[in-house]
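Reader: Before I rely on any labels for side-chain contacts, I would like to see each one set against its cut-off. Could you take me through them in that way?

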Amino acid sequence: MARPSQYPLELRRRAVRMVAEVRPEYGTEWAAMKAVAQKLGIGTTETLRKWVRQDQIDAGTRPGTTTEESAELKRLKKENAELKRANEILKAAASFFEAELDRPHARS
């Protein structure tokens with residue numbers, strides 16, 4: 001299970017907006033990200049770069065798995081694992097009861 005982000009969602013959104021706003025003032029996107037990361041006290045520029053890329057994916061301007069698709073995939077994988085576990089339990093129970101029915105029992 002992934003650990004929760006140390007950065008609040010609002011800070012992440014603000015940082016992404018700021019990168020878009022100040023980008024024309026810098027020679028490269030990386031330079032803009034570095035400046036914003038330093039201003040907001042974000043640990044590394046790479047962290048901010050990932051946020052910007054994910055925002056671009058979510059907006060449809062960059063190919064990739066959106067946040068919603070990722071959450072749905074995670075939910076489906078969890079559900080699939082639960083169903084497999086339940087199926088194994090049912091198979092074991094069926095096997096047990098089948099063996100009990102085949103065993104001769106003394107009648108009183």
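**Labels and their cut-offs**

Author: Arg49 is partly exposed, because its relative accessible area is 25%, and the class takes in what lies between buried (under 20%) and exposed (over 50%), computed with a 1.4 Å probe on protein chains only. The model is a predicted one, in which local features need pLDDT of at least 70 and side-chain atom pairs count only at pLDDT 80 or more, whereas totals for chains, interfaces and linings use all residues. Residues are numbered from 1 along each chain as its sequence is written, and side-chain values use heavy atoms, with hydrogens and water left out.

Reader: What makes the contact between Glu46 and Arg49 a salt bridge?

Author: The term asks for a side-chain nitrogen of Lys or Arg within 4 Å of a carboxyl oxygen of Asp or Glu; for Glu46 and Arg49 the N to O distance is 2.6 Å, so the pair qualifies. Both residues lie in helix H3, 3 residues apart, about one turn of the helix, where a helix is a DSSP run (H or I) of at least four residues, numbered from the N terminus.

Reader: Why is Arg53 called buried, and what is the class of Glu29?

Author: Arg53 has a relative accessible area of 19%, which is under the 20% limit, and therefore counts as buried. Glu29, at 25% relative accessibility, is partly exposed. The side chains of Glu29 and Arg53 meet in a salt bridge with an N to O distance of 3.1 Å, and this pair links distant parts of the chain, with Glu29 in helix H2 (residues 29-40) and Arg53 in helix H3 (residues 45-59), 24 residues apart.

Reader: How do you know that Arg75 and Glu79 form a salt bridge?

Author: Their closest N and O atoms are 2.9 Å apart, which lies within the limit, so the label holds. Arg75 and Glu79 both belong to helix H4 (residues 67-102), and together with Glu72 they are linked in a network of salt bridges.

Reader: Why is the aromatic pair of Tyr7 and Trp51 called edge-to-face?

Author: The structure holds 2 aromatic pairs. In one of them, Tyr7 and Trp51 are 5.3 Å apart centre to centre, with 75 degrees between the planes. Rings of Phe, Tyr and Trp (its six-membered ring) pair if their centres lie within 6.5 Å, and planes over 60 degrees apart count as edge-to-face, under 30 as stacked and the rest as tilted, so the label follows. Tyr7 lies in the segment before helix H1 (9-22) and Trp51 in helix H3, so the pair ties together parts that are 44 residues apart in sequence.

Note on methods. Helix = DSSP H or I, 4+ residues; strand = E, 2+ residues; numbered from the N terminus.
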